[in-house]
Amino acid sequence: MQMRLVGLSDEQRLLVETTREFVDDVVRSWIREHRDDEWLAPPEERVPWQLVRAADEIGLRTLAIPERWGGVELEQPAQTLALVAEEISRGDVGLADILTQVWKVSVLLGACAPEHLQAEWFPRIVADPAFVLAHALTEPRGASDRWLPYNVPEAAMETRAVQVGDEWVINGRKQFISNGFDAKLYVVYANTDPTAGVLDGTSSFLVPRDTPGFEIGRVHEKVGARLMNNAELAFDDCRVPADHLLVENEALKKAAVYFRAGKILVAAKNLGTGVAAFEETSRYVQEHVQGGRVLIQHQIVAAHVADMAIEVEAARAFVRYAARALDEQTADADALCLMAKVHTAELVFDVARRAVELHGGSGAMRDAGVEKHLRDATIGFHTDGTNDIHRFKIAKALFPEKAGTYAGANGAGARSRSTEAVSAVVG
């Protein structure tokens, strides 16, 4: 079910058509030929670098890098990146994860990194077609629940950073980090003020891969989106120059530019998974015969296929609506970004479930390949925060003065903080 190109700018139409051709001619054939790699290849051989380099050749890897550093100045960036992410995910959501992480971190660096760091790193990112980025936030204790937000010292990052002379010394652990095993540059979050709440005592740092004291741990063997490696990270007296500090103490507030765009891109990736599941199922039910007739001629099959089409189009409409709100910075953009992520995760999971069912017994077998979409759809419930945590944040965005704080001992409210502080991290 191809997206309609009506209403798109010339730039957007060209990007969509270019990405669609890339997915149909390059990505899908590679995925078919390497179907077993996501399960059998070790982490160091699992990432489809051939596809990452091919995406770089047509300008997709560096889409979100500022134009002055060799990127592209996009019209309506949230909407444009969502369109491209949907198409890439139609080929493989793991590949989309790799590329969208580069986009999101590039946006963050463009907004927060001082000039000398941008001048040092953006040209290197552009020059190396295999250069990917990572955003190191999640820790073994506490992840999505930190985004409610509960702005007290008890909710602070366990990873700590202390300034010693002209260096920052970082100690702690991170987990579930997208591109964590393969990135060459990391944005790392750490507590720098133990007396403050998580919104007021968390700083961010730029940490190159080969920094002494920084080690990459095991890869998380997740159920879906397996061509992108999530990994654990360890910081043991990891020392970075003082000028590698990105944002001091208010990093989570300043990172809203990353979080809001992230929800839209997760929603778009969910959507692409649903489109792929629908397209494969559509072909199957029109070609496979059961009970003396083509499957689509059975009423129950036709009804399921119709429901899948409705769910895909509903998800697509919501993604575009929320992305437009983000581009236009409307008052409800934060809530809509969160809603789009939740909505698409649940609708697309249902689409993938129906796809497996309509393939009959073979749908549960790896040989048919459709089970991959159900596995990939499962990841959407947890990426960039769980759906239930997002629901709490949506309620807080809609009713900031009346909604609960949803954190604290015995349901007690968090320490007093401004509505502006809540809004800063709600996306």
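Biologist: In this predicted model, is Glu 38 buried or exposed?

Modeller: Burial is read from relative accessible area, and buried means under 20%. Glu 38 has 6% relative accessibility and therefore counts as buried. Glu 38 belongs to helix H2, residues 37-40.

Biologist: Which residues does Glu 38 touch, not counting residues up to four places away in sequence?

Modeller: A contact is read from heavy atoms within 4.5 Å. For Glu 38, the residues touched are Arg 46, Arg 226, Leu 227, Lys 372 and Arg 375. With Arg 375, the Glu 38 side chain also forms a side-chain polar contact of 2.6 Å.

Biologist: Which side chain is joined to that of His 135 by a polar contact?

Modeller: A polar contact pairs N or O atoms within 3.5 Å. The side chains of His 135 and Tyr 189 are joined in this way at 2.8 Å. His 135 sits in strand E1, residues 133-136. Its relative accessible area is 7%, so His 135 is buried. Beyond its neighbours within four places in sequence, the contacts of His 135 include Gln 101, Val 105, Leu 108 and Phe 259.

Biologist: Why is Ala 225 counted as buried?

Modeller: Ala 225 counts as buried because its relative accessibility is 2%. Asp 384, at 22%, is partly exposed.

Note on methods: Residues numbered from 1 in each chain as written. Predicted model: local features only at pLDDT ≥ 70, side-chain atom pairs only at ≥ 80, totals over all residues. Heavy atoms only, no water. Helix = DSSP H or I, 4+ residues; strand = E, 2+ residues; numbered from the N terminus. Buried < 20%, exposed > 50% of the residue type's maximum accessible area, 1.4 Å probe, protein only. Polar contact = N/O pair within 3.5 Å; in protein donor to acceptor, adjacent residues only side chain to side chain.
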